Amino acid sequence: KIMAAHGDFSVVIYQPEAEAYVESLKKFSIKEIGSMNWLTQHEYLEKLNMQAVMNARSNQDEYVKEAMVSFDKVPCVIQELLATELWKQNIFPLILKSDFKPASTIPIYLVLYHEATIANLLETILYYKESCEGCGDAALDLLDYCYRKLTELISNTEAGYYNDLQSNTTTTTTTTVAETLSSTLDELRSQEKKISFDIGVKCVSILRYLVDCMNDLPLSLMSRVLNTHNIPVLLVRLVDNPPWSRRADDGSLAKYDDGKWTPVSPAERLKLTKLEGQVWITVFTLLMNQECQQKYDINTYNKNQIIKLRAHLNEVIIDQIPAMAELQRFLEHLAMMDPPPPRNDLVLEQIPEIRENLVRENEGKWGALTKHQIKKYFNPSPTELKHYASRFTAMYNLDTIEGLIAEPPKCALCGQRAAKRCSRCQNEWYCRRECQVEHWKRHKPACNLLAETADSK
């Protein structure tokens with residue numbers, strides 16, 4: 001852990017290095033995803049993400065955000081996000097269906113995690129108005145991305161897809177190097193599920209920041225929010241059946257917030273988490289903003305959906321967010337009267353272009369791209385595997401990761417709180433020796449590789 005000269009806080013990269021990383025960011029084609037040049041950019045983005053989070057949490061100078069705006073790189077990062085999303089939708093399933101058995105899944109895991117890295121970076125920097133404005137026309141693509149991810153989060157929750165995510169699941173950042181080294185393709189499916197859930201949750205905040213800055217973004221953004229995607233009704237579904245709230249068979253409640261599931265005592269069940277607060281604030285903005293009220297078509301279906309919020313809007317929530325009293329009065333009024341028809345202004349609607357262009361460029365090529373990437377990038381030789389392990393351990397430095405996570409480490413076998421670390425690779429944690437012995441057969445190959453990598457430095 002590096003300590004800054006002017007304060008007692010962790011530093012991954014200092015300001016000059018962060019500015020150099022940001023300036024070097026470029027757009028990669030989907031064909032190049034997984035290449036060594038792409039991996040270098042992934043490292044840059046991961047370090048920028050870690051530093052942005054550290055700066056935000058410690059109230060330090062947020063030089064990562066400032067560099068992203070100064071060098072006009074927010075649209076570039078959004079394109080990287082969309083390219084990775086398309087890779088996961090079109091290439092990752094073909095890899096899973098193939099008979100490919102890689103020596104290590106690290107290269108594939110890094111692509112899966114790349115989307116989460118960018119989503120987390122955007123969630124951190126878009127808190128600031130100047131960063132949202134820096135999206136420019138790419139804000140339309142980012143809005144559509146959030147809509148897709150939240151719709152997926154809702155449908156997967158209703159289908160029970162996330163039911164097997166354990167209540168002690170933390171953010172995907174806590175996946176150890178050794179765990180990834182020894183993962184199979186089938187286990188990557190489970191890791192991808194955790195990553196997708198976490199991305200969906202982050203999109204709540206990203207959506208809120210875009211909504212807050214609607215007046216400073218392309219004119220058609222508000223129309224897409226209100227009428228193309230009907231975001232108010234989407235948010236009602238999130239309030240009605242929150243994916244981040246889970247009740248066990250015994251009646252106990254757990255909520256997902258800040259990257260982890262936390263048990264909630266009966267006395268605090270109505271206490272809003274930061275995530276739930278974001279949803280309510282976004283609902284308030286969309287329904288109470290005068291311009292939104294004029295443009296949103298509150299037809300019979302939308303009205304019936306929106307007034308469902310009355311059942312959730314109680315005195316406890318209003319005590320936590322006093323402005324919700326105004327929303328409560330609006331909902332009571334809406335239930336008794338029909339709102340006026342929306343104002344139909346003649347606006348030339350701007351269409352999102354980034355994702356559409358990526359789809360057009362790669363249409364009909366997904367099978368060939370899969371074969372190319374398996375051969376070139378995802379089947380490393382033993383020498384290349386050591387190189388990957390070295391870069392991976394440096395990228396996810398344990399001391400730095402521990403500085404980002406408030407929770408104590410968990411045992412690699414049983415998931416209990418752990419205090420002992422593998423003395424050889426210094427990467428895997430255990431609560432007792434019996435767990436380490438039982439886990440050794442699985443851990444041994446990764447441990448050998450990590451130890452050899454460390455010895456060769």
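User: Why is Asp-72 called exposed?

Analyst: The relative accessibility of Asp-72 is 52%, and a residue counts as exposed over 50% relative accessible area, as buried under 20% and as partly exposed in between (1.4 Å probe, protein chains only). Asp-72 is therefore exposed. This is a predicted model, in which local features need pLDDT of at least 70 and side-chain atom pairs count only at pLDDT 80 or more, while totals for chains, interfaces and linings use all residues. Residues are numbered from 1 along each chain as its sequence is written, and side-chain values use heavy atoms, with hydrogens and water left out.

User: How do you know whether Asn-230 is buried or exposed?

Analyst: Asn-230 has a relative accessible area of 17%, so this residue is buried. Asn-230 also has a positive phi, of about 50°, although it is not a glycine. The loop that holds Asn-230 runs between α11 (220–228) and α12 (231–240).

User: What makes α12 and α13 roughly antiparallel?

Analyst: α12 packs with helix α13 (residues 274–288) at an angle of about 150°. Angles over 145 degrees count as roughly antiparallel, under 35 as roughly parallel, 65 to 115 as roughly perpendicular and the rest as oblique, so the two helices are roughly antiparallel to each other. Their axes are 10 Å apart.

User: Which residues of α12 and α13 meet, and what kinds are they?

Analyst: From α12, Ile-231, Pro-232, Leu-235 and Val-239 meet Val-279, Trp-280, Thr-282, Val-283, Leu-286 and Leu-287 of α13. These residues of the contact divide into nine nonpolar, one polar and no charged.

User: Which residues does Trp-280 contact beyond its neighbours within four places in sequence?

Analyst: Contact means heavy atoms within 4.5 Å. Trp-280 is in contact with Val-239, Leu-272, Leu-309, His-312, Leu-313, Ile-317, Ile-321, Met-324 and Leu-327. In the largest nonpolar core, of 128 residues, Trp-280 is among the members that touch the most others, along with Trp-87, Leu-122, Leu-142 and Leu-327. A second, separate core has eight residues, including Ala-418, Cys-425, Cys-435 and Cys-447.

User: Why is Leu-331 called buried?

Analyst: Its relative accessibility is 0%, so Leu-331 counts as buried. Leu-331 is found in helix α17 (residues 324–336). Not counting residues up to four places away in sequence, Leu-331 touches Ile-306, Ile-307, Leu-309, Arg-310 and Leu-313. Leu-331 and Ile-307 are 24 residues apart in sequence, and 5.9 Å apart in space, C-alpha to C-alpha.

User: What makes His-439 buried?

Analyst: His-439 has a relative accessible area of 8% and is therefore buried. This residue of helix α22 (residues 433–455) is in contact with Ala-412, Leu-413, Glu-428 and Tyr-430, leaving aside neighbours within four places in sequence.

User: Why is Ser-98 called partly exposed?

Analyst: Ser-98 has 28% relative accessibility, so this residue counts as partly exposed. Ser-98 lies in the loop between α5 (92–97) and α6 (106–125). The C-alpha atoms of Ser-98 and Thr-370 are separated by 9.6 Å, with the two residues 272 apart along the chain.

Definitions and conventions: A nonpolar core is a set of buried Ala, Val, Leu, Ile, Met, Phe, Trp, Tyr and Cys residues joined through side-chain atoms within 4.5 Å. Helices (H or I, at least four residues) and strands (E, at least two) are DSSP runs, numbered from the N terminus. Axes are lines fitted to C-alpha atoms, for helices over the stretch in contact, and angles run from 0 to 180 degrees between N-to-C directions. Ala, Val, Leu, Ile, Met, Phe, Trp, Tyr, Cys and Pro count as nonpolar, Asp, Glu, Lys and Arg as charged, and the others, Gly among them, as polar.
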